[in-house]
Amino acid sequence: MFDSDMLPAPPHALTGRTDLWADSLLKDHAFLRLVWRNFHTVEPGRLYRSNHPLPWQLARTARRYGLKTVINLRGKRNCGSDRLSREAVRQLGLVQFDHKLESRGAPTAEGIQGLADIYRSMAYPALIHCKAGADRAGLAAALYIILHGGDSMAALRQLNWRYLHFPRSHTGILDAFFLRYRAEAEGRLPFLDWVHTEYDPAKLHADFRANGLSAFFVDRILHRE
C-alpha cells in the first residue's frame, strides 16, 4: 500500500522520459493499450477494471468516473509503465494501493484478506488494474463481488472470455478457486471463514490441470505475467 506522494526510487536503466516511454511501449507492450483498454464496470459508481492505463487514459477515466483510488495489482515494479502511472496518480490527486496478485498460482489467504482490507477501507470510486486487465483484474473483481454479497457464480462472471481470460490455461486456477468454494462451503460457511479455516492452496494447485495448447497461447503468444 502506498500514498500517491510516495514514489519508488527510479531504476538505473531508465534515466529520462524517452527511456520511460520506450520501456513502457515496447518492453511492457503498452503499444497494445494505446487503443485497447479492456475497461469494464464491476459495480456502477464504485468499482471499475482495466489493463494498465497510460497517463492520459487514467486522467480521462478519473474525470469521467470521479475516481478517488487506484489499486495496482502488479505490485511495485521498476519499469516505465509503473513510473508513468505513479506520476499520473500523484498529479491527479488519487491514492494508489499496490497489492500484487498472482495469475497462475492458487490465491493465498493473505492476498485475499489484504484485498478485502483495502476494499473495506479505501475511498470509492476506484479502478483496479493489472497488465492486461484479464486475469488478476478478473480475480480482484470476482473477490469484490463475493465479498459484497454475490455468490460464486456471479463472481466467476468476472473471469470470462470477454475480458480475454482463458480458463483452460494456467490462469484457469482462478476459476477453480471459486468453483472449489462453491463445492465445499458455499451456503455453509462465509467466504472469508472458508478461506482462513478450510481452504488449501497447495491442494488446489496440485489438483488443477491446464490445457497445454491454451497454456502455450497465453504464456508464449500473449506473454501474460
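Here is a short tour of the predicted model, stop by stop.

Before you click: residues are numbered from 1 along the chain as its sequence is written, and side-chain values use heavy atoms, with hydrogens and water left out. Because this is a predicted model, local features need pLDDT of at least 70 and side-chain atom pairs count only at pLDDT 80 or more, while totals for chains, interfaces and linings use all residues.

**Whole chain**

Start with a cartoon view. Of the 225 residues, 52% are buried, where buried means under 20% relative accessible area, exposed over 50% and partly exposed in between (1.4 Å probe, protein chains only).

**The main core**

Now select Tyr119, Met122, Phe177, Phe178 and Phe191. In the largest nonpolar core, which has 43 residues, these touch the most other members. A nonpolar core here is a set of buried Ala, Val, Leu, Ile, Met, Phe, Trp, Tyr and Cys residues joined through side-chain atoms within 4.5 Å. Elements that each supply at least two residues include helix 4 (109-121), strand 5 (126-129), helix 7 (173-184) and helix 8 (191-197). Helix 5 gives the largest share, nine residues. In soluble globular proteins, nonpolar side chains tend to be buried together.

Zoom in on phenylalanine 178. What is it in contact with, leaving aside neighbours within four places in sequence? Look for Leu139, Ala142, Leu143, Ile146, Ser152, Ala155, Leu156 and Leu159; contact means heavy atoms within 4.5 Å. A second, separate core has nine residues, among them Tyr48, Ala62, Leu67 and Leu127.

**Helix 5**

Select 136-147. Helix 5 has 12 residues and reaches 16 Å from first C-alpha to last, close to the 16 Å expected at 1.5 Å a residue (the expected span is 1.5 Å times one less than the number of residues). Color by accessibility and you'll see 11 of the 12 residues buried, including Arg136, Gly138 and Tyr144. After the helix comes glycine 149, with a positive phi near 100 degrees.

**Rings**

Next, show the side chains of Phe177, Phe178, Tyr181, Phe191, Trp194 and Tyr199: ring pairs link them into a cluster. Rings of Phe, Tyr and Trp (its six-membered ring) pair if their centres lie within 6.5 Å; planes under 30 degrees apart count as stacked, over 60 as edge-to-face and the rest as tilted. Phenylalanine 177 and tyrosine 199 are an edge-to-face pair, 5.0 Å centre to centre with 70 degrees between the planes. Phenylalanine 177 is in helix 7 and tyrosine 199 in the loop between helix 8 and helix 9 (201-207), 22 residues apart. Phenylalanine 177 counts as buried because its relative accessibility is 0%; tyrosine 199 is buried too, at 8%.

**Charges over rings**

Pick arginine 46: its charged end sits over the ring of tyrosine 124, 3.7 Å from the centre. Arginine 49 sits over tyrosine 163 in this way, at 3.8 Å. The rule asks for NZ of Lys or CZ of Arg within 6 Å of the ring centre and within 35 degrees of the ring normal.

Proline 125 lies in the loop between helix 4 and strand 5.

Finish with leucine 164, not a glycine, yet with a positive phi of about 65 degrees. Is leucine 164 buried or partly exposed? Partly exposed, because its relative accessibility is 34%.

Methods: Helix = DSSP H or I, 4+ residues; strand = E, 2+ residues; numbered from the N terminus.
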